[in-house]
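Please open the structure in your viewer and keep the selection tool at hand. The tour goes from stop to stop, saying what to select and what is there.

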Amino acid sequence: MAVRDILLFPEDSDTLTTECEPVEEVNDEIRQLVDDLAETMYDAEGIGLAAPQVGVNKRITVIDLSGPDHQDALHVLINPEILEVEGSVVREEGCLSFPGLYGEVERAERVRVEATNREGERYEIESEGLLAVALQHEIDHLDGVLFLEQMTPTKRRMARREYRKIRSKMTRQKKRKKRESST
Ligand code: QAP
Ligand code: CO
């Protein structure tokens, strides 16, 4: 197992916005990637991570709402498909490829998803609440769609502005650290 580097918006936009390829066979290489995704997600204190966020354009994502301290509710979704959606909710989302940015997105309230697990078997999840939102956010990643694009135009504009500020602050902090370590 290994923690991989998480790609960031905007410098890795090309990879993050490419539609991912279906997995043909769940073999050892795919299982290794699944394990790395889970380890990377826990290490970054996230609750969901998709393969394109570590630079692999394959239809694989992991979700664990129990978080890094529990790690006992891992959902592995290979080639997930949304079968049915119902209702709508607006809630605040974040994304490991946009550190520090949070914004409201409208999603379906309930979703039924079919996917392949780590053993290569198809299964179904019926979800609502945070899990339903996480599933839609992560499946969007596999289609090359980022949460910024799902915001209303007004919220997207505000989010872009805020993210630019977050990024320039991060850059300044990095430069300061570099100066401090070289003196
Ligand atoms: C996707 O998001 C998601 O900005 C997973 O500084 C979004 O794990 C699932 C995170 C909404 C459910 C609802 C974000 C960690 C984690 C940050 C994440 C940060 C540190 C985001
Ligand atoms: Co995300």
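Which residue caps the N-terminal end of helix 2? Select N27 and E29 to find out: the cap is N27, with a side-chain oxygen 3.2 Å from the backbone nitrogen of E29. Bear in mind throughout that this is a predicted model.

**Stop 1: helix 2**

Now select residues 28–43, which make up helix 2. Its 16 residues reach 22 Å from the first C-alpha to the last, close to the 22 Å expected at 1.5 Å a residue. Colour the buried residues next: I30, L33, V34, D35, D36, L37, A38, T40, M41 and Y42. Two aspartates, D35 and D36, are in that list. What do the buried residues of helix 2 pack against? Show strand 1 (48–50), strand 2 (60–63) and strand 3 (75–86), and you have the partners. An α-helix has 3.6 residues a turn, so residues three or four places apart point the same way. After the helix comes E45, whose phi is positive, near 60 degrees.

**Stop 2: the cobalt ion**

Select ligand 2, a cobalt ion. Which residues coordinate the cobalt ion? They are C95 through SG, H137 through NE2 and H141 through NE2, at 2.1 to 2.3 Å. Along the chain these donors follow the spacing C-x41-H-x3-H. C95 lies in the loop between strand 4 (89–93) and strand 5 (103–107), and H141 lies in helix 3 (residues 129–142), so the pair ties together parts that are 46 residues apart in sequence. Are C95 and H141 buried or exposed? Both C95 and H141 are buried.

**Stop 3: ligand 1**

Move to ligand 1 and display the residues around it, 17 in number. Those that come nearest are G46, I47, G100, Y102 and E138. Then look at the backbone atoms that approach oxygen atoms of this ligand. For I47, a backbone N or O atom lies 2.8 Å from a ligand 1 oxygen. For G100, the distance from a backbone N or O atom to an oxygen of ligand 1 is also 2.8 Å. For G94, the corresponding distance is 3.5 Å. How much of the accessible area of ligand 1 does the protein cover? On its own the ligand has 510 Å², and the protein covers 84% of that.

**Stop 4: backbone details**

Go to F9 and P10, which are joined by a cis peptide bond with omega about 0 degrees. P10 is in the segment before helix 1 (13–16).

Next, select Q71, in the loop between strand 2 and strand 3. Its phi is near 55 degrees, a positive value in a residue other than glycine. Why does Q71 count as partly exposed? The reason is its relative accessibility of 41%, because partly exposed covers values between the 20% limit for buried and the 50% limit for exposed.

Compare N79, in strand 3. N79 is not a glycine either, yet it has a positive phi of about 45 degrees. At 17% relative accessibility, N79 counts as buried.

**Stop 5: N117**

Select N117, in the loop between strand 6 (110–116) and strand 7 (122–128). N117 is buried, with a relative accessible area of 15%. Its side chain reaches the backbone nitrogen of E119 at 2.9 Å. Which residues is N117 in contact with, leaving aside neighbours within four places in sequence? Show V26, V76, I78 and Y123 to see them.

**Stop 6: V111**

Select V111, in strand 6. V111 is buried, with a relative accessible area of 3%. Not counting residues up to four places away in sequence, V111 touches E84, V85, I125, E126, S127, A132, L135 and Q136.

**Stop 7: helix 4**

Finish with residues 153–182, helix 4. Its 30 residues reach 44 Å from first C-alpha to last, close to the 44 Å expected at 1.5 Å a residue. Which residues are buried in helix 4? Select A159, Y163, I166 and R167.

Methods:
Residues are numbered from 1 along each chain as its sequence is written. Chains are lettered from A and ligands numbered from 1 in the order in which they are written. This is a predicted model: local features need pLDDT of at least 70, side-chain atom pairs count only at pLDDT 80 or more; totals for chains, interfaces and linings use all residues. Side-chain values use heavy atoms; hydrogens and water are left out. Helices (H or I, at least four residues) and strands (E, at least two) are DSSP runs, numbered from the N terminus. The expected span of a helix is 1.5 Å times one less than its number of residues. Buried means under 20% relative accessible area, exposed over 50%, partly exposed in between (1.4 Å probe, protein chains only). Contact means heavy atoms within 4.5 Å. A polar contact is a pair of N or O atoms within 3.5 Å; within protein, one must be able to donate a hydrogen and the other to accept it, and residues adjacent in sequence count only if both atoms are side-chain atoms. Donors are N, O and S atoms within 2.8 Å of the metal (3.2 Å for Na, K and Ca); water is not among the atoms, so sites may look incomplete. A residue is near a molecule or strand if one of its heavy atoms lies within 4 Å of it. Accessible areas come from the Shrake-Rupley method with a 1.4 Å probe; for residues, only the protein chains shown count as cover.
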